[in-house]
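Let's take a walk through a protein model together. Have the structure open while you read.

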Amino acid sequence: MNRTKRLRRVKAKLLSPLRDNAYAQVLNVRSVKASDAKNIAKLSTRLGYPVSARQMVRRIGVVRTRRDQKLFAAELNQNIVGWLEIFLPLSVLNFGKAEIGALIVDDHYRRFGVGSALMNAAHGWAERKRCPFIYLRSNVIRKKAHKFYKHKGYAILKTQYVFQKLFSKTKRRNVE
Ligand SMILES: CC(C)(COP(=O)(O)OP(=O)(O)OC[C@H]1O[C@@H](n2cnc3c(N)ncnc32)[C@H](O)[C@@H]1OP(=O)(O)O)[C@@H](O)C(=O)NCCC(=O)NCCS
């Protein structure tokens, strides 16, 4: 057996309690706190959205004051192993919809139900807000994530281009 296979087996053994409902309480999904900023920033950077812990403290602080936005953290033995953002974008065309803004699970803890637990928390939040539906965007290259979303009951509605126009520094609002 090669090293990768052996490591996979050890990991599966260590994490097997997550697969068993009797031990499901070891995974705790809760609101994100400012003290999670470092771990959240690390996971975000890995997803391709570089952000410092300091910037993240500020962002979490802003989001925590809002009723139309929520950050969930998945905590396993006091480690943050994933996080999710959901919000209610105010749009006259899609009034009342909820949108998942971000979801990432630490690559060492994938396929153990962490993403599902975060999504379930988001679905519960959206239901309590009486949203008619949840929307999310996912880069076409994220094939594995698409399988996950389909597993969670999502269907592809359409494909789009995302356009961006940069403003000069002087015109930009200082957000951080
Ligand atoms: C997508 C992601 C959040 C899934 O999280 P996860 O904790 O691994 O997902 P779960 O363990 O809850 O998976 C539930 C089910 O989804 C499906 N699924 C999840 N990952 C899959 C994969 N890589 N390939 C095929 N199916 C997958 C499976 O049916 C799985 O059930 P099973 O493990 O019993 O077969 C995680 O892979 C991730 O963080 N990816 C990188 C970041 C990313 O792409 N985020 C989405 C941005 S739009």
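Start just after α5, where Gly153 takes a positive phi of about 95 degrees. Helices here (H or I, at least four residues) and strands (E, at least two) are DSSP runs, numbered from the N terminus. Keep in mind that this is a predicted model: local features need pLDDT of at least 70, side-chain atom pairs count only at pLDDT 80 or more, and totals for chains, interfaces and linings use all residues. Residues are numbered from 1 along each chain as its sequence is written.

Now look at α5 itself. Zero of its nine residues are buried, so the helix lies largely in the open (buried means 20 or more other C-beta atoms within 10 Å of the residue's own, with C-beta atoms placed from the backbone).

Yet α5 gives the largest share of the shell around the ligand, five residues. Among the 18 residues around the ligand, Arg110, Gly115, Ser116, Lys144 and Ala145 come nearest (a residue is near if its C-beta atom, placed from the backbone, lies within 6 Å).

| Element | Residues |
|---|---|
| β4 | 98-105 |
| α4 | 114-128 |
| α5 | 143-151 |

On to the sheet: five strands form an open sheet in the order β1-β2-β3-β4-β5, with mixed pairing (two strands pair if DSSP finds at least two bridges between them). At the edges sit β1 (27-31) and β5 (134-136), each pairing on one side only. Strands β3 and β4 run antiparallel and are joined by six bridges; Phe87 has Glu99 in β4 as its bridge partner.

Note on methods:
A residue is buried if 20 or more other C-beta atoms lie within 10 Å of its own, exposed if 12 or fewer, and partly exposed in between; C-beta atoms are placed from the backbone.
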